[in-house]
Amino acid sequence: MSDTGTPPPIAVIVLAAGQGTRMNSDLPKPLHRLGGVPLIAHALQAASLLEPARIVVVTGHGADAVEAAVADLAPWAVCVRQDQQLGTGHAVVQAAPALADFTGDVIVLYADTPFVTAETLFAMQAARRRHDIVVLGFEAADPGRYGRLIMAGDRLLRIVEAKDATPEEQATPLCNSGLMAADAQVLMRLLGKVGTSNAAGEYYLTDVPGLGVAEGLTATAILCPEAQTLGINSRAELALAEAAFQSARRAEMLDNGVAMQAPETVIFAQDTWVGRDADIEPHVVFGPGVTVESGARIRAFTHLEGCHVSAGAVIGPYARLRPGAEIGNDARIGNFVEVKEAQIGEGAKVNHLSYIGDADIGAASNIGAGTITCNYDGVMKHRTTIGRDVFVGSNTMLVAPVRLGDQSMTASGSVITEDVTPGALAIGRAKQVNKPGLAIRLMDRLRAIKASKKG
Ligand code: UD1
Ligand code: CA
């Protein structure tokens, strides 16, 4: 084979049909969350960095739910079903029709192996220029149930599953990660030769290198750190994987110039993006889809998901930003404030105890403590539109749909059901009446009633 020229087009097959029995869960294993996103999102993310011509996901157990997640995460991926889980080789064969007209390489990934890096996949792709079949291996601290790589120098002769290995073969520390790269049509042809005469009675993908070598093809293994090949089979392994994921993300954030006083208490999602010199205080949780610009400050105990925080904004402590919250430059979102599907303009302030949902708040407006956008009538959601330089008095109920014009005000405690014109003060509450001496007379009467009951 030639080792020059551009690499052939690549297709990725992601195996995601297995039951994941050891998770002890009704949720299919690829949908358990790691870094705030489904496990399979990590494999799809690594795959997408290869710029593959096709991604084929093999689904089976919980296929409807897994396919829905794939449609959401990677809409261009094709899903094929493996109705019975007869082994990894059988799973890859299910992708053959989807690749029948494909010329190029295929790389097989597992949905439950989230830490393989794009660099490792590129290294496999590069090794394919010199060998027909490339397997990703690692030196296992505890080889246990992994397939063993039987090597002669840098040549891979075959893979033997732990269950089928002799004691000498079991002593090999070189293990199979499960990832494999080969020409698509060669792989499918060799899989046609795979049988089930093994300890598990399954069609093993791992028979492919041995079958290829028997035909005169060449196989090799490239090695990566064991941490990258970590497979998730149980909730305990998922928890360990989450810890590993979080420490890697925290280190990456610190390297990128993000300030964190207690990084070990901050939880990131796979796609969290935080700019340089942003300051993340302790106990902040990032759900998926959050971007925080340089110089913003996220104060302690804040929870964010699906939102954007612009430069100079200060969020929290104890704030909750939900999907669709767009916080403008230098805006302030204070304690016990929830924001959902709302734009908060530059320099606007929502400092205390408020719910802002389905709303637009203009620049420099001030939203008083306890303000609520009453956005839901029990059936439909409605929008609240607040102009710039508006002063909303404390405990205002804004019954949407409603608009407050620029530089308008609302009196504290108002229930605003009608639009407020620019510059107007809206008062929407009962007028106060003072009754002189009535408080004392009332208390005396109540005490007398209580005393008469005791006697
Ligand atoms: C497999 C390898 C083993 C390797 C190990 C690394 C085989 C025969 N063995 O073993 O050499 O060391 O991975 O973790 O390939 N799957 C399907 N359909 C099936 C069976 C599996 O889609 O019929 C999927 C699973 O969902 C999973 C992946 O393939 O994502 C691996 O399957 P699993 O049963 O975990 O393989 P291992 O026994 O761990
Ligand atoms: Ca496994």
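A cavity here is a set of grid points where a 1.4 Å probe fits but cannot get out, and its volume is the space filled by probe spheres set on those points. Keep in mind that you're looking at a predicted model.

So what turns up inside? The count comes to one cavity of 30 Å³ or more. The largest cavity holds about 50 Å³ of space. Its lining is made up of His42, Ala43, Ala46, Leu109, Tyr110, Thr113, Pro114, Val116, Leu121 and Leu179. Two elements each give two or more residues to that lining: helix 1 (39-49) and strand 6 (105-110). Helix 1 is the top contributor, with three residues.

How many of the lining residues are nonpolar, polar or charged? Eight are nonpolar and two are polar, while no charged residues take part.

Now for the cysteines. How many disulfides does the structure hold? The answer is zero. Take Cys224: its closest cysteine sulfur sits in Cys175, 11 Å away. A disulfide needs the two sulfur atoms within 2.5 Å, so the sulfur of Cys224 is too far from that of Cys175 for a bond.

Are Cys224 and Cys374 buried or partly exposed? Here's how they compare with the cut-off, since buried means under 20% relative accessible area:

| Residue | Relative accessible area | Class |
|---|---|---|
| Cys224 | 9% | buried |
| Cys374 | 24% | partly exposed |

So Cys224 counts as buried because its 9% is under 20%, whereas Cys374, at 24%, is partly exposed.

Conventions
Residues numbered from 1 in each chain as written. Chains lettered and ligands numbered in written order. Predicted model: local features only at pLDDT ≥ 70, side-chain atom pairs only at ≥ 80, totals over all residues. Heavy atoms only, no water. 1 Å grid on protein atoms, 1.4 Å probe; cavity = no way out; pocket = protein on both sides within 12 Å on 5 of 7 lines; lining within 4 Å. Helix = DSSP H or I, 4+ residues; strand = E, 2+ residues; numbered from the N terminus. Nonpolar A, V, L, I, M, F, W, Y, C, P; charged D, E, K, R; others polar. Buried < 20%, exposed > 50% of the residue type's maximum accessible area, 1.4 Å probe, protein only.
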